[in-house]
Every structure is written in C-alpha cells, then in structure tokens.
Amino acid sequence: MLKSLAGTLAALMATCLPAAQASPARLAQLASPEVVASVQELRLEAGLQQAVQTGDFVGLAVAVVRKGEVTFIRTYGETQIGGGEAVTQDTVFRIASLSKGFASSMVAIAVAEGRLSLDAPATGIAPELALAGGGEKSLTLAHILSHRTGLPPNAYDNLLEGGAAPAEILPMLRKVKSICPVAGCYAYQNITFDLAGRALSDAYGMSYTGLVEQRLFRPLNMHTASFGLEGLKRTNNWARPHTRRHQSDASLPPHPWTVLEVRAPYYAVPASGGVNASILDMAQWLKAQLRHRPDVLAPDALGLVHAPQVGTPGETRRMRGAAPALRASHYGLGWRVYDYAGHKVVAHGGSVDGYGAQIMFVPELDTGIVVLSSTRTTRLWTIAPMFLELTFGLPPRDWTAPGAAR
C-alpha cells in the first residue's frame, strides 16, 4: 500500500510540478515522512536496477532498516555465474571486515560486564606479540580495536595469505619498522585486530566463535550466520565469489566473470574477517546497531564502539570518488565514523577474495543500509553512498556513470 501511494505521489509530482520543483527537498515539504522514505526507496531500487544492468554484479543483496523495521530488502542475480540458484534473502555471503564490528561489540559487552578493560595490556592477551622497540609494552586493547598499533597498514597480511598461523606471525612483527609510536596514528590491521577474539575467549573461558554465536547470532535471530569455511559451505544456499579481468581498451567489453576458489587465510583471524551471513541476518545486525535490541547490545556499549578514536584522512581521500559528500572520517572501535554532508554516519566495508560488503547507518535518523556482493566491483561502493544522498535529500546524480564507480 505504502509503495503504491509513494509511486502515485511521485507520478503526480512529476506531472504537476516543474522539474526544478520535483526535487528531494520539495518532496519533503509536500509529503509525510513515511511517503518520503518510500519514494527514496523507490529511487534506490531504480538505481540498483540500473547498477545491476551494467553487468558489474553476479550476486547482490541489499537491505534498509528504518525505525527498527526492515523496510527494503532486494536480491539480484545468482549464486554462481551461468548456472547457480537465484540469490535469496537467506543466501550466505562472506562479510569480510564487517566482522570487526561483531568483535568490538562483543568487547563492549565484556567491558560492561566487568570481564574486560579497554586498557588491558596486549602483552597479557598475547605474550608472544613483539613490536619494534618494545612497543608492545604500551599497546592496549583499545589501541588494537582502533588500529593504533604503530605498524604499517596490513602488516604481514602477506604471510597470513601464504598460510602462516597468526601465532607464528605475532613475534615476527618486531622486525617491522613502526610508522609512528603506539597510539600515535591509524593504520589498518587484521592480524593484531584478531587479538580481540583471544581476549574475549580468555575472559569468558570459551571459544571466540562460540561466544559470538551464543551472545550475538542466536539472540539477534541471525539464523544462517556462521564462522569459517565449513560454516559457509554448511548451507547449500551460499554465493560463490567471482572475479574478472578488465580490458585495457575501454571500448571493449570486460572479460566474463569466473568463479574463484574460497580461500581460508582470513578465516584464521575470525575477529577480523571470519563471519558469513545472509542479507536477512545483516538486517538484524543493523537493527541492533541502531539501538533496537538493547537486550543484546545496550546503548552504552554501542556508544563506546561508535565513538571516534583517531582520524583517518586517507579514508576520506580514498572514498571521495564514490562518496563526494564525505567531509571527514575517523575510526572508532571496529567501526568507521564519517562526517557525511554534516551528518554522523557509522560504517564499515569488507573485501576478500571475490566478496564485497558494506554497512552504513545514520544514528540520528535511525536508518541504515547493508550491501552484500559476490564480486568486488568498484560499483559496489557507490550503493551505500547513493542511499545516504537520497536520505539526506542531496541533489541526485547519475550513479551508473563510469565516474561514479571510481
């Protein structure tokens, strides 16, 4: 009914108002908030249809939450190119670094329960950890969760990808030259961030994965969420990762998509990148992050992890092409925090071996979006900004244009 009404209103506006007046701002003046939201979602759906028609996706799933309700959920494509099943709301994807938000949220619960302190020394969590110049002696759990280790970005991820166990890599970090003192700057990490999982395991006397399943997945009704390669394959409804080479000649079509083998290295750091989930699962997670499940995640815990800890100007520059309204960026505890067109936006992206994922939400407006994909096309990163700009009533732009995907 609401979509029908919104469609009727949009048609009437297009017919009765001059083009200059049929704007997001004008719509907001003329319609109720519910109808405005519905029209925004119709425009989002039109943008998604255009994006899918570019051929940049094999499997795609998108959900929007407003005021504690899933008001929009769409799936596109198939689980495997050329013969897979249709992607559904229950199709499972790897969510890569969106996993970090689960770890930090669980840490916030542990802090509230008096089981952990953000000032806990890293040496007590992982005695084998060593940093250049003895930096590990001043490193804390808060520094780990906000990527303020002093290490260069993604330190020794190459060893992890080569099959080395995280416990073997930790003492080797002493060979890596620091780019700043501990707590002095931001540089994204996977291996050290995973120590949050070890701290939680020690605090509760059970496996990190079992703890998250018990305290987050089950009570949030994330029925298909899991950890690891076995968890991904346990269901017959999971999206295979895909890749393709792009032509150097822009006048030629891109090479076709090919299926990638699912690789295990980042499953070895579950707090950093170990979670698998469906779009329906992630909609429940988004509800919780928007403070609609205080029985599972208390507001104080969310306030802790969503608070900015360190500036990330490099992120602002990197995102500017896909998100031109991004003014500034920070990192909190397992979450990114943006100033987007004057609004606080909490977000994170994830990318691993043919999978891409992104979550963005606006606490003050009680709304957000999550996107899961079985390709890592650059166009993926324009979907959440498209939603934000529709939500904020910014002037529309062509999201299918080649420049919009850069």
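# Reading helices, strands and turns

Q: In which helix does Leu304 lie?
A: Leu304 belongs to helix H14, where helices are DSSP runs of H or I with at least four residues and strands are runs of E with at least two, numbered from the N terminus. The model is predicted, and its local features need pLDDT of at least 70, while side-chain atom pairs count only at pLDDT 80 or more and totals for chains, interfaces and linings use all residues. Residues are numbered from 1 along each chain as its sequence is written, and side-chain values use heavy atoms, with hydrogens and water left out.

Q: Is Leu304 buried, partly exposed or exposed, and which residues does Leu304 touch?
A: Buried means under 20% relative accessible area, exposed means over 50%, and partly exposed is in between, with a 1.4 Å probe and protein chains only. Leu304 has a relative accessible area of 27% and is therefore partly exposed. Contact means heavy atoms within 4.5 Å; leaving aside residues up to four places away in sequence, Leu304 touches Ala108, Leu118, Gln309 and Leu333. Ala108 is 196 residues away from Leu304 along the chain, yet their C-alpha atoms are separated by 6.9 Å.

Q: How should I read the packing of H4 and H9, and at what angle do their axes cross?
A: Axes are lines fitted to C-alpha atoms, for helices over the stretch in contact, and angles run from 0 to 180 degrees between N-to-C directions. The axes of H4 and H9 cross at roughly 35 degrees and come within 10 Å. The crossing of H4 with H9 is left-handed, which is the term if the near helix is turned anticlockwise from the far one by less than a right angle, whereas clockwise makes a crossing right-handed. H4 contributes Ala103, Met106, Val107, Ile109 and Ala110 to the contact, and H9 contributes Ala196, Leu200 and Tyr204. By class, this contact of H4 with H9 has 8 nonpolar, no polar and no charged residues; Ala, Val, Leu, Ile, Met, Phe, Trp, Tyr, Cys and Pro count as nonpolar, Asp, Glu, Lys and Arg as charged, and the others, Gly among them, as polar.

Q: Which residues of H9 are buried, and what covers them?
A: An α-helix has 3.6 residues a turn, so residues three or four places apart point the same way. In H9 (residues 195–204), the buried residues are Leu195, Ala196, Gly197, Ala199, Leu200 and Tyr204. Their cover includes H4 (99–112), H5 (122–125), H6, H10 (208–217) and H12 (270–273). Just after H9 comes Gly205, with a positive phi of about 70 degrees.

Q: How are H3 and H16 oriented towards each other?
A: Angles under 35 degrees count as roughly parallel, over 145 as roughly antiparallel, 65 to 115 as roughly perpendicular and the rest as oblique. H3 (residues 33–53) and H16 (residues 383–391) pack at about 150 degrees with axes 10 Å apart, and are therefore roughly antiparallel to each other. Their crossing is right-handed, and Gln40, Arg43, Leu44, Gly47 and Leu48 of H3 meet Ile383, Met386, Phe387, Leu390 and Thr391 of H16. The contact of H3 with H16 divides into 6 nonpolar, 3 polar and 1 charged residues.

Q: In what order do the strands of the open sheet follow one another?
A: Strands of a sheet pair through backbone hydrogen bonds, either parallel or antiparallel, and here two strands pair if DSSP finds at least two bridges between them. The order of the 8 strands is E2-E1-E13-E12-E11-E10-E9-E8, with antiparallel pairing. E2 (69–77) and E8 (310–311) are the edge strands, each pairing on one side only. H16 lies across E1, E10, E11, E12 and E13, and runs at about 160 degrees to E13.

Q: How many residues of E13 are buried, and which residue is the bridge partner of Ala63 in E13?
A: In E13, 7 of the 7 residues are buried, so the strand is largely enclosed by the rest of the structure. One face of E13 carries Thr367, Ile369, Val371 and Ser373, and the other carries Gly368, Val370 and Leu372. E1 and E13 run antiparallel and are joined by 7 bridges, with Val370 as the partner of Ala63. E12 also pairs with E13 in the antiparallel sense over 7 bridges, with Val362 opposite Thr367.

Q: Which residue in the turn between E12 and E13 has a positive phi?
A: E12 and E13 form a hairpin with 4 residues between them, and Asp366 in this turn has a positive phi of about 55 degrees. Tyr156, which is not a glycine, also has a positive phi, about 60 degrees, and lies in the loop between H6 and H7.
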